[in-house]
Amino acid sequence: MKKYHSILLNCPLFAQIKSDTLFQILYCLKAKVKPYVKNQNIFTVGDHITDTGILLTGQAQIIYEDIFGNRSILGTLNPGELFGEAFSCTATSKLPVSVVALTDCDALFIDYQRILTTCPSSCAFHHQLIENMVQILANKNVLLNQKIRYLSKRTTREKLLCYLSDQAKAAESRNFTIPFQRQELADFLCVERSAMSSELGKLKKEGLIDFHRSHFYLLSQSIES
């Protein structure tokens with residue numbers, strides 16, 4: 001567990017938690033670490049989960065797939081980021097999404113109820129954990145609303161420009177790298193890859209954007225979300 005110390009300290013769940021009490025907290029929460037190999041499911045659609053996960057190493061994705069096999073990427077996970085917290089705290093009987101390892105990775109799991117329930121020792125950190133979890137859920141709600149805004153756009157072009165505009169704002173630069181490859185971006189925006197690639201080519205030809213793989217540069221001042 002010690003090798004993950006710096007990753008966990010940067011995890012939003014442990015914000016405002018002192019470094020020297022972190023392992024005491026993990027012991028109290030009965031946290032456990034599990035390894036996964038590339039393409040292995042960490043959570044599988046249909047699972048009933050009670051744990052909140054924290055990615056410790058590697059990268060993973062949250063994926064929704066309908067009965068016809070159509071995939072939509074809901075998010076990409078990097079070390080220190082949480083997953084499953086919204087579903088583990090609800091009465092949802094079956095998980096509607098899967099969490100899949102993109103690379104070999106390790107993940108830490110904590111029973112959600114242990115975060116919310118004060119232990120017999122009345123540990124002082126529980127109030128801070130609850131406050132942190134509320135903040136995390138609120139931030140995730142903001143991101144969900146952001147994606148709804150992308151999907152509400154009528155055309156592939158509008159979805160792309162809206163997404164790229166937000167990425168530039170987040171990076172505070174017109175020069176930025178997105179966390180998706182082409183197929184992943186198409187899945188995230190719920191568009192056909194070929195149509196999206198064609199539209200990217202048109203935007204580049206029109207002098208609105210330039211790009212190389214996942215790196216983009218917004219050339220036009222008129223791009224708005």
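This note goes through the main points of a predicted model, from salt bridges to sheet, helix packing and loops.

1. **Salt bridges overall.** Start with the charged side chains. Side chains of opposite charge can pair when their charged atoms come close. How many salt bridges does a search of the whole structure find? The count is seven. The next points take some of them in turn.

2. **Lysine 140 and glutamate 85.** These two side chains meet in a salt bridge, with 2.5 Å from N to O. Lysine 140 lies in helix H5 and glutamate 85 in helix H3 (residues 85-88), so the pair ties together parts that are 55 residues apart in sequence. Compare the surroundings of the two partners. Lysine 140 is partly exposed, at a relative accessible area of 34%. Glutamate 85 is buried, at 3%. The cut-off for buried is under 20%.

3. **Aspartate 166 and arginine 149.** Here is another salt bridge. The closest N and O atoms of aspartate 166 and arginine 149 are 2.4 Å apart. Aspartate 166 belongs to helix H6 and arginine 149 to helix H5, so this pair ties together parts 17 residues apart in sequence. Is aspartate 166 buried or exposed? Its relative accessibility is 9%, so aspartate 166 counts as buried. Arginine 149 has a relative accessible area of 28% and is partly exposed.

4. **Glutamate 206 and arginine 157.** The side chains of glutamate 206 and arginine 157 also form a salt bridge, at 2.7 Å from N to O. The pair links distant parts of the chain. Glutamate 206 sits in the loop between H8 and S10, and arginine 157 in helix H6, 49 residues apart. Both relative accessibilities can be checked. Glutamate 206 is partly exposed, with a relative accessible area of 47%. Arginine 157 counts as partly exposed too, at 26%. Which residues are joined into one network? Salt bridges that share partners join Arg157, Glu199 and Glu206.

5. **Asparagine 132 in helix H5.** Stay with helix H5, which spans residues 126-152 and holds asparagine 132. Asparagine 132 is at 7% relative accessibility, so this residue counts as buried. What does asparagine 132 touch, leaving aside residues up to four places away in sequence? The list is Pro12, Leu13, Phe14 and Ala15.

6. **Helices H7 and H8.** Helix H7 (residues 182-189) packs with helix H8 (residues 193-205). The angle is about 105 degrees, and the axes are 9 Å apart. Angles of 65 to 115 degrees count as roughly perpendicular, which means H7 is roughly perpendicular to H8. On the H7 side, Arg182, Gln183, Leu185 and Ala186 make the contact. On the H8 side, the residues are Arg193, Met196 and Leu200. By type, the contact of H7 with H8 has four nonpolar residues, one polar and two charged.

7. **The three-stranded sheet.** Look next at the open sheet. Three strands form it, in the order S9-S11-S10, and the pairing is antiparallel. Which are the edge strands? They are S9 and strand S10 (209-212), each pairing on one side only. From one strand to the next, the twist averages 20 degrees. S10 pairs with strand S11 (residues 215-218) in the antiparallel sense, over four bridges. Phenylalanine 211 has phenylalanine 216, in S11, as its bridge partner.

8. **Asparagine 39.** Turn to the backbone. Most residues other than glycine have a negative phi. Asparagine 39 has a positive phi, near 75 degrees. Where does asparagine 39 lie? Its place is the loop between strand S1 (32-36) and strand S2 (41-43). Asparagine 39 is exposed, with a relative accessible area of 57%.

9. **Glutamate 172.** Glutamate 172 is in the loop between helix H6 (156-171) and strand S9 (175-177). Is glutamate 172 buried or exposed? Exposed: the relative accessible area is 75%. The cut-off for exposed is over 50%.

Conventions. Residues numbered from 1 in each chain as written. Predicted model: local features only at pLDDT ≥ 70, side-chain atom pairs only at ≥ 80, totals over all residues. Heavy atoms only, no water. Helix = DSSP H or I, 4+ residues; strand = E, 2+ residues; numbered from the N terminus. Buried < 20%, exposed > 50% of the residue type's maximum accessible area, 1.4 Å probe, protein only. Contact = heavy atoms within 4.5 Å. Axes fitted to C-alpha atoms, helices over the stretch in contact; angles between N-to-C directions. Parallel < 35°, antiparallel > 145°, perpendicular 65-115°, else oblique. Nonpolar A, V, L, I, M, F, W, Y, C, P; charged D, E, K, R; others polar. Pairing = 2+ DSSP bridges. Salt bridge = Lys/Arg side-chain N within 4 Å of Asp/Glu carboxyl O.
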